[in-house]
Amino acid sequence: MRPLALLGLAGALAAAPLMGQGRLEARLDPQTVSALRPLLDAARRDSVPVAALEDKALEGAAKRVPGDRIVAAVRQLDAELRAARAVLRAAAPRAPLPDAEVVAAA
């Protein structure tokens, strides 16, 4: 692969975690984004499917749900994803856990 292409790929991969936050900031009020940021950061650290959490928040924004209810729904989904991930991990400790499988299990 060409060095310039590798540089572009590296930049895109580095920006990927921040893309969802940009979407949230564009569609949610600052208070809701501030309340969600620590939750999303913890999910990212713990290998919980962050895209599913962001999608839940954006769904609430599209439906014009108040920010506190969006945060509560995202927290609930986070708990469900963590529980599903724990069950899947216990069943197959060494198997890879694709995000889609965790989301489907939740």
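Q: Where does T32 lie?
A: T32 is in helix α2, which covers residues 30–45. Bear in mind that this is a predicted model.

Q: Is T32 buried or exposed?
A: T32 counts as buried, because its relative accessibility is 4% and the cut-off for buried is under 20%.

Q: Which side chain does the side chain of T32 make a polar contact with?
A: That of D29, at 2.7 Å.

Q: And what does T32 touch, not counting residues up to four places away in sequence?
A: T32 touches G67, I70 and V71.

Q: How do α2 and α4 pack, in angle and axis distance?
A: The angle is about 10°, and the axes are 9 Å apart. The two helices are therefore roughly parallel to each other, since angles under 35 degrees count that way.

Q: Which residues make the contact?
A: From α2, T32, A35, L36, L39, A42 and A43. From α4, G67, I70, V71, V74, R75, D78 and R82.

Q: How do the residues of that contact divide into nonpolar, polar and charged?
A: The contact of α2 with α4 has 8 nonpolar, 2 polar and 3 charged residues.

Q: Back to α4 itself. How many residues does it have, and how far does it reach?
A: Helix α4 runs over residues 67–91, which is 25 residues. From first C-alpha to last it reaches 36 Å, close to the 36 Å expected at 1.5 Å a residue.

Q: Take L81, then. Buried or exposed?
A: L81, in helix α4, is buried, with a relative accessible area of 0%.

Q: What is L81 in contact with, leaving aside neighbours within four places in sequence?
A: V48, P49, A52, L53, V102, V103 and A106. Of these, A52 and L53 are listed with the buried residues of α3.

Q: Changing topic: how do α2 and α3 pack?
A: At an angle of about 155°, with their axes 9 Å apart. That makes α2 and α3 roughly antiparallel to each other. L36, L40, A43 and R44 of α2 meet V50, L53, E54 and A57 of α3. By class, the contact of α2 with α3 has 6 nonpolar, no polar and 2 charged residues.

Q: How many residues does α3 have, and which are buried?
A: It has 13 residues, and the buried ones are V50, A52, L53, E54, A57, L58 and G60. The reach of α3 from first C-alpha to last is 18 Å, close to the 18 Å expected.

Q: Now the loops. What is the phi of S47?
A: S47 has a positive phi of about 60° although it is not a glycine. Most residues other than glycine have a negative phi. S47 is in the loop between α2 and α3.

Q: And R64, what is its phi, and where is its place?
A: Phi of R64 is near 60°, again a positive value in a residue other than glycine. R64 is in the loop between α3 and α4, and it is exposed, with a relative accessible area of 77%.

Q: What separates the C-alpha atoms of P98 and S47?
A: They are separated by 10.0 Å, although P98 and S47 are 51 residues apart along the chain. P98 lies in the loop between α4 and α5 and is partly exposed, at 41% relative accessible area.

Q: Zooming out, how many helices and strands does the protein chain have?
A: It has 5 helices and 0 strands, in the pattern α-α-α-α-α along the sequence.

Q: What share of the residues is buried?
A: Buried residues make up 29% of the 106 residues in the protein chain. As for contacts between residues at least 6 apart in sequence, 56% join residues at least 24 apart.

How values were computed:
Residues numbered from 1 in each chain as written. Predicted model: local features only at pLDDT ≥ 70, side-chain atom pairs only at ≥ 80, totals over all residues. Heavy atoms only, no water. Helix = DSSP H or I, 4+ residues; strand = E, 2+ residues; numbered from the N terminus. Buried < 20%, exposed > 50% of the residue type's maximum accessible area, 1.4 Å probe, protein only. Polar contact = N/O pair within 3.5 Å; in protein donor to acceptor, adjacent residues only side chain to side chain. Contact = heavy atoms within 4.5 Å. Expected span 1.5 Å × (residues − 1). Axes fitted to C-alpha atoms, helices over the stretch in contact; angles between N-to-C directions. Parallel < 35°, antiparallel > 145°, perpendicular 65-115°, else oblique. Nonpolar A, V, L, I, M, F, W, Y, C, P; charged D, E, K, R; others polar.
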